[in-house]
Amino acid sequence: MTTPLLQVKDLKVHFKPPRRGFGKPAPVIRAVDGVSFDVQPGQTLGLVGESGCGKSTTARAILNLTGNAHREGMIYLGGTRIDQLSEQRMRPHRANAQMVFQDPFASLNPRMTVDKIIREPMRNFDVCKFDSDERLEVVRLMELVGINPRYMNRYPHEFSGGQRQRIGIARALAVNPKLIVCDEAVSALDVSIQAQVINLLMDLQQKLGVAYVFISHDLAVVRHIAHRVGVMYLGRIVELSDADELYRNPRHPYTKALLSAAPVPDPEQNVSHQRVKLEGEVPSPDIEYAGCPFAERCPDVLPHCQDVRPQLSDDVHQVSCLLYEDD
């Protein structure tokens with residue numbers, strides 16, 4: 001195994017809401033509560049889970065974009081620890097890790113042409129020495145993501161959603177990053193356009209060797225693009241494995257429930273596909289649980305699940321569940 005490009009060790013991100021009036025202080029929101037994973041060069045890690053499970057907060061923490069939140073744990077990018085760096089010291093490392101956001105319209109400056117949008121990161125990081133080189137690089141990047149370079153003087157509102165997301169990808173690639181974090185990068189697009197953008201990302205990975213942290217709630221999309229998949233629940237990773245192994249043999253009850261809820265293309269070919277129904281609501285992230293936070297909804301709950309907190313195993317197929325701690 002090569003040295004991981006990205007290493008996240010026991011990451012915690014907690015938010016403390018401001019006090020209102022003279023009442024008690026608001027409880028701390030544990031958005032991310034002990035997440036660990038590695039991303040190898042040129043590989044894709046998919047993070048899946050329900051809304052509010054901490055996927056996007058994890059993505060922002062990787063890039064040091066969590067603001068004044070209380071953060072613990074360690075993040076290594078290319079062998080350098082970056083979680084304790086100030087903004088000034090972090091700046092040289094930002095070229096190695098870029099982000100593609102969920103909303104392709106809100107993430108692009110409406111007053112800038114495509115040419116200026118792609119040139120801006122080049123100038124911030126001195127990618128090219130001359131304007132003529134910048135222009136050639138803009139042309140190359142637009143062709144690389146499937147946008148005709150003759151449209152470089154158009155504005156974002158003149159493009160479709162899929163084209164705007166391609167522009168966002170070109171902007172991320174402008175500084176030759178080693179890692180791109182895709183935060184729900186295709187969820188706002190039509191299904192047919194989603195497939196085009198996913199195929200584009202996979203082609204770029206083959207050509208450029210870039211690694212992805214791909215965040216999504218769509219299990220079918222993640223299965224198509226990811227080499228490894230981590231399943232998050234209430235700020236924690238409950239299962240982490242190779243994509244094929246996780247989809248073929250899910251172990252955690254929550255993963256089984258997620259996969260059973262995913263649409264089946266041909267039900268006749270999967271007669272054994274049975275829906276696992278979860279009772280109750282998603283617990284609040286401002287409550288600190290002594291045991292497993294999934295215990296109240298788990299169909300396979302054990303008597304001691306409420307009192308004993310499971311730990312993510314060290315196996316190749318990692319799972320955080322008391323059902324497997326005696327295996």
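This is a predicted model: local features need pLDDT of at least 70, side-chain atom pairs count only at pLDDT 80 or more; totals for chains, interfaces and linings use all residues.
C53 takes part in none, and the nearest cysteine sulfur to its own, that of C292, is 14 Å away. C53 is also buried, with a relative accessible area of 4%.

A disulfide here would need the two sulfur atoms to be within 2.5 Å. C182 is buried, with a relative accessible area of 1%. Since buried means under 20% relative accessible area, the value of 4% places C53 in that class, and the value of 1% does so for C182.

## The pair of helices α5 and α6

Two packed helices are described by the angle between their axes and the distance between the axes. Helix α5 spans residues 161-173 and helix α6 spans residues 191-208; their axes come within 10 Å and cross at roughly 20°. Angles under 35 degrees count as roughly parallel, so α5 is roughly parallel to α6. The crossing of the two helices is right-handed.

On the α5 side, the contact is made by G162, R166, I169 and L173. Their partners in α6 are I193, Q196, V197, L200, L201, L204 and L208. By type, the residues of this contact divide into eight nonpolar, two polar and one charged. An α-helix has 3.6 residues a turn, so residues three or four places apart point the same way.

Helix α9, residues 253-261, is mostly covered, with seven of its nine residues buried. The buried residues are P253, Y254, T255, A257, L258, L259 and S260.

Is R236 buried or exposed? R236 is buried: its relative accessible area is 12%, and the cut-off for buried is under 20%.

Leaving aside residues up to four places away in sequence, R236 touches D33, V35, V231, Y289, G291, P293 and R309.

Methods. Residues are numbered from 1 along each chain as its sequence is written. Side-chain values use heavy atoms; hydrogens and water are left out. Axes are lines fitted to C-alpha atoms, for helices over the stretch in contact, and angles run from 0 to 180 degrees between N-to-C directions. Helices (H or I, at least four residues) and strands (E, at least two) are DSSP runs, numbered from the N terminus. Angles under 35 degrees count as roughly parallel, over 145 as roughly antiparallel, 65 to 115 as roughly perpendicular and the rest as oblique. A crossing is left-handed if the near helix is turned anticlockwise from the far one by less than a right angle, and right-handed if clockwise. Contact means heavy atoms within 4.5 Å. Ala, Val, Leu, Ile, Met, Phe, Trp, Tyr, Cys and Pro count as nonpolar, Asp, Glu, Lys and Arg as charged, and the others, Gly among them, as polar. Buried means under 20% relative accessible area, exposed over 50%, partly exposed in between (1.4 Å probe, protein chains only).
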